[in-house]
Amino acid sequence: MTRVVIIGGGPGGYEAALVAAQLGAEVCVVDRDGLGGSAVLTDCVPSKTLVATAEVINQVRESGELGVRIGRSAPDPGDVSTDIATDIAKVNARVKALAHNQSEDVGRSLQREGVRVVRGSGRMAGPDRVVATLADGGTEELAADVVLLSTGARPRILPDAEPDGERILTWDQVYELDELPGRLIVVGSGVTGAEFAGAYNALGSDVVLVSSRDRVLPTEDADAANVIEDVFTRRGMTVLSRSRAERVERRGDGVVVTLTDGRVVEGTHCLLAVGSIANTADLGLDTAGVTTDERGFIEVDKVSRTTARGVYAAGDCTGVLMLASVAAMQGRIAMAHALGDAVSPLDLEEVAATVFTAPEIATVGWSQQDLDSGRVQAVGIKLPLTRNPRAKMQGIHDGFIKLMCRPGTGIVVGGVVVAPHASELIHPVSVAVSCRLTVDQLAHAFTVYPSLSGSIAEAARRLHVRGQQAPRKDS
């Protein structure tokens with residue numbers, strides 16, 4: 001029986017463990033922080049639970065045009081926001097309870113498959129041995145035919161912005177707050193910063209978003225990012241573009257953020273969202289012959305192999321698209337490859353990703369930037385949701401569907417959805433990209449009327465003629 005040892009119980013680790021056990025391996029997971037890892041305990045599950053509360057508040061606050069009126073004392077029947085309040089202590093209690101329950105669900109899944117879980121920290125003592133420092137004391141040496149490293153990453157800290165867990169916070173510390181921040185300064189306008197900024201704005205905080213780039217979400221589709229920034233501004237958020245934080249200090253019951261241009265921004269709390277650092281120190285990688293890049297991320301190929309024979313890696317510690325879904329796929333691919341099952345290499349052009357702002361941004365496949373730069377030959381179309389009948393019924397004013405296909409063949413190569421629950425709406429586009437469907441095949445599948453997904457089919461129909469045309473020399 002093949003012995004598999006996995007260091008780290010996050011999505012990459014526990015999904016790999018389930019696959020390995022189902023393929024007949026003897027599996028041991030060495031876990032330090034809790035099963036589910038940061039994705040379940042401090043990142044994805046908690047943040048999206050917080051966002052879910054914010055989403056409800058946004059829907060209610062903007063439902064006046066639908067005829068909704070909350071409280072007889074509302075001075076304006078079209079304004080329902082005056083009676084909305086947030087109990088952040090209760091919100092955070094629910095967040096932590098859900099995270100704990102999800103972690104326990106992971107544990108039960110592993111137990112059902114016969115996976116042994118060792119509580120402690122693991123390090124490699126060669127390519128075929130792992131030494132676990134046990135949480136209750138002592139050590140245990142584990143022999144391994146296959147090792148998977150899935151140790152995740154942690155929030156990056158600025159040299160002059162040391163978190164104290166009370167006023168200066170990382171994203172895994174915000175769930176200890178028992179009072180809603182009066183004025184929250186979010187440093188960093190990437191996915192994490194934008195999600196938290198939008199959520200706390202909805203919850204009732206005065207939010208200042210410090211963005212070092214010329215727009216929020218600089219790595220996302222530009223049209224989508226512009227929609228989100230417009231929505232942020234309309235909802236009362238202050239967005240400081242082309243601004244970089246130099247120093248964050250606590251002063252009494254508040255914080256002061258000094259920007260590199262000398263400006264000073266004061267608030268009650270500061271949230272740092274400036275990237276992640278791989279958890280790869282003290283893993284014995286050199287001993288095992290595992291190579292990392294200049295940033296400390298473990299180098300892997302498309303089937304998750306490291307530079308050491310029999311040693312694989314998955315998840316944020318590899319720096320390959322820091323998404324729980326990608327970590328899980330890397331882990332599954334690694335075990336399938338190691339144990340001789342059928343396997344397809346990881347294809348990043350098939351990854352569907354979502355930014356959980358309001359509205360959400362969901363993407364898959366090639367991007368608009370790829371088209372504009374000439375990296376890929378494709379044609380595209382963008383349909384605003386304001387034309388969609390279901391959007392009109394629900395009072396949705398922001399968002400669009402963008403679809404891209406190959407000229408000549410009409411094969412769908414990418415898409416962007418900006419809408420409420422775009423994370424759900426992107427799936428048919430993701431299937432089309434993965435299965436190399438044409439716009440005609442996508443268009444001919446029935447959609448419900450009225451539905452937001454109807455705009456996906458409409459975009460596919462609009463691409464029917466353009467997708468059949470041969471590419472022009474200047475395209």
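Glu 458 is partly exposed, at 24% relative accessibility. Partly exposed here lies between buried (under 20% relative accessible area) and exposed (over 50%), with a 1.4 Å probe and protein chains only. The model is predicted: local features need pLDDT of at least 70, side-chain atom pairs count only at pLDDT 80 or more, and totals for chains, interfaces and linings use all residues. Residues are numbered from 1 along each chain as its sequence is written, and side-chain values use heavy atoms, with hydrogens and water left out.

Glu 458 pairs with Arg 462 in a salt bridge (3.0 Å, N to O). A salt bridge is a side-chain nitrogen of Lys or Arg within 4 Å of a carboxyl oxygen of Asp or Glu. Both residues sit in helix α14 (residues 454–462), 4 residues apart, about one turn of the helix. Helices (H or I, at least four residues) and strands (E, at least two) are DSSP runs, numbered from the N terminus. Arg 462 is partly exposed as well, at 39%.

The structure holds 25 salt bridges. Glu 140 and Arg 116 form one of them, at 2.9 Å, N to O. Glu 140 belongs to strand β5 (residues 139–143) and Arg 116 to strand β3 (residues 116–124), so the pair ties together parts 24 residues apart in sequence. Glu 140 has 23% relative accessibility; Arg 116 has 40%. Arg 234 bridges to Asp 398, with the closest N and O atoms 2.6 Å apart. This pair links distant parts of the chain, 164 residues apart: helix α6 (residues 222–234) holds Arg 234, and the loop between α10 (389–394) and β21 (400–405) holds Asp 398. Asp 398 is buried, at 18%. A network of salt bridges links Asp 221, Asp 223, Lys 382 and Lys 402.

An unreviewed UniProt entry annotates a "binding site" that includes Gly 188, Gly 190, Gly 193, Glu 195 and Gly 275. The annotated residues spread over 88 residues of sequence but cluster in space, with a largest C-alpha distance of 13.6 Å. UniProt positions follow the numbering used here, feature names are shortened, and annotations may be inferred rather than shown by experiment.

Gly 190 lies in the loop between β9 (183–187) and α5 (191–203). Its relative accessibility is 30%, so Gly 190 counts as partly exposed. Gly 193 lies in helix α5. Gly 193 is buried, at 1%. Beyond neighbours within four places in sequence, Gly 193 is in contact (heavy atoms within 4.5 Å) with Val 186, Gly 188, Leu 209 and Ala 273.
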